[in-house]
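Q: I have a new structure to look at, and I would like to learn how to read it. Could you walk me through its features, please?

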Amino acid sequence: LRRRADAVLRTAMSEAAGAAPDIPITGEVLDGTPAAVLLRESRTAALIVVGHRGLRALSGLLVGSVAVQVSAQARCPVLVTLGDRPRETGAVVVGVAGTARSDPAVGFAFAEAALRGAELVALHAGNRLPAAPVATWRERFPQVAVTPRLAPGRPAPALIDESARAQLVVTGSVGRGGFTGLVRGSVSHAVLRDSRCPLAIVRRDGPAA
């Protein structure tokens with residue numbers, strides 16, 4: 001098992017080095033279940049990235065999947081690599097709530113849009129986009145072009161629709177521990193199940209950017 005783990009690690013590090021040769025890469029084999037190990041690492045990480053294997057099995061989203069557990073409990077933003085292949089074009093789309101609850105997700109989305117040189121689509125399900133959650137981050141990232149977009153009806157279907165063209169969708173979660181941060185039927189849960197591009201889930205009590 002250790003030899004197999006070492007072989008998987010070497011392959012992953014080689015692929016990472018090929019994709020980004022200028023970024024320092026380290027690797028380590030750790031004992032434990034994947035979710036438990038990643039949650040422990042999330043205490044000091046800037047971002048956790050997980051795959052999407054098994055997310056659409058049976059009724060949709062497996063409650064015990066690594067992606068669900070880590071997204072619900074991680075202490076840092078979690079990126080789930082959904083979709084057929086990563087897109088290098090398209091907007092970063094963020095779901096904006098009407099309160100400060102969405103502020104960490106909005107901040108993360110602005111930072112990602114600036115890093116990628118992408119447009120930011122701020123999507124809100126309602127009659128008017130809340131100005132306050134966007135204005136603060138607009139001052140910090142003046143180089144990011146922001147397109148406000150109102151979605152009639154529920155936010156999850158609108159975000160899923162945007163995911164067909166976006167390179168990244170960002171949502172928030174309440175972040176209260178356990179599975180309350182990503183409950184069945186929540187916006188984050190629905191988008192995680194059906195998104196067609198990578199999805200970043202940013203806890204309310206985690207770092208914004």
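A: The buried residues of H6 pack against S3, strand S4 (120-124), S5, S6 and H7. Here contact means heavy atoms within 4.5 Å. The labels H and S come from DSSP runs numbered from the N terminus: helices are H or I runs of at least four residues, and strands are E runs of at least two.

Q: What kind of model is this, and how are residues numbered?

A: This is a predicted model, where local features need pLDDT of at least 70 and side-chain atom pairs count only at pLDDT 80 or more, while totals for chains, interfaces and linings use all residues. Residues are numbered from 1 along each chain as its sequence is written, and side-chain values use heavy atoms, with hydrogens and water left out.

Q: Which residues of H6 are buried?

A: Buried means under 20% relative accessible area, exposed means over 50%, and partly exposed lies in between, using a 1.4 Å probe and protein chains only. In H6, the buried residues are Ala156, Ala158, Leu159, Ile160 and Glu162.

Q: How do I describe the way H6 and H7 pack?

A: Two packed helices are described by the angle between their axes and the distance between the axes. Axes are lines fitted to C-alpha atoms, for helices over the stretch in contact, and angles run from 0 to 180 degrees between N-to-C directions. For helix H6 (residues 155-162) and helix H7 (residues 187-194), the angle is about 30° and the axes are 9 Å apart. That makes H6 roughly parallel to H7. As for the word itself, angles under 35 degrees count as roughly parallel, over 145 as roughly antiparallel, 65 to 115 as roughly perpendicular and the rest as oblique.

Q: What is the handedness of the crossing of H6 and H7, and which residues make the contact?

A: A crossing is left-handed if the near helix is turned anticlockwise from the far one by less than a right angle, and right-handed if clockwise. H6 and H7 cross in the right-handed way. On the H6 side the contact uses Pro155, Ala156, Leu159 and Ile160, and on the H7 side Val187, Ala190, Val191 and Asp194. Sorted by class, this contact of H6 with H7 has seven nonpolar, no polar and one charged residues. In that count, Ala, Val, Leu, Ile, Met, Phe, Trp, Tyr, Cys and Pro are nonpolar, Asp, Glu, Lys and Arg are charged, and the others, Gly among them, are polar.

Q: Why do residues three or four places apart in a helix point the same way?

A: Helix H2 (residues 34-41) and helix H3 (residues 66-73) pack at about 25° with axes 9 Å apart. Pro34, Ala35, Leu38 and Leu39 of H2 meet Val66, Gln69, Val70 and Gln73 of H3. The classes in the contact of H2 with H3 are six nonpolar, two polar and no charged residues. H2 passes H3 in a right-handed crossing. Within H2, Ala35, Val37 and Leu39 are buried, and the buried residues of H2 pack against H3.

Q: In what order do the strands of the sheet lie?

A: Two strands pair if DSSP finds at least two bridges between them. Here seven strands form an open sheet in the order S1-S2-S7-S6-S3-S4-S5, with mixed pairing. Its edge strands are strand S1 (48-50) and strand S5 (146-150), each pairing on one side only. Neighbouring strands are turned by 20° against each other on average, direction ignored.

Q: Which strands pair with S6, and is S6 mostly covered or uncovered?

A: Strand S6 (residues 168-173) is mostly covered, with five of its six residues buried. Three bridges join S6 to strand S3 (residues 92-95) in parallel, and Val94 stands opposite Val170 in S6. S6 also pairs with strand S7 (residues 199-203) in the parallel sense over five bridges, where Thr171 stands opposite Ile201 in S7.

Q: Where is the antiparallel pairing of S7?

A: Strand S2 (residues 78-80) and S7 run antiparallel, joined by three bridges. The bridge partner of Leu79 in S7 is Ala200.
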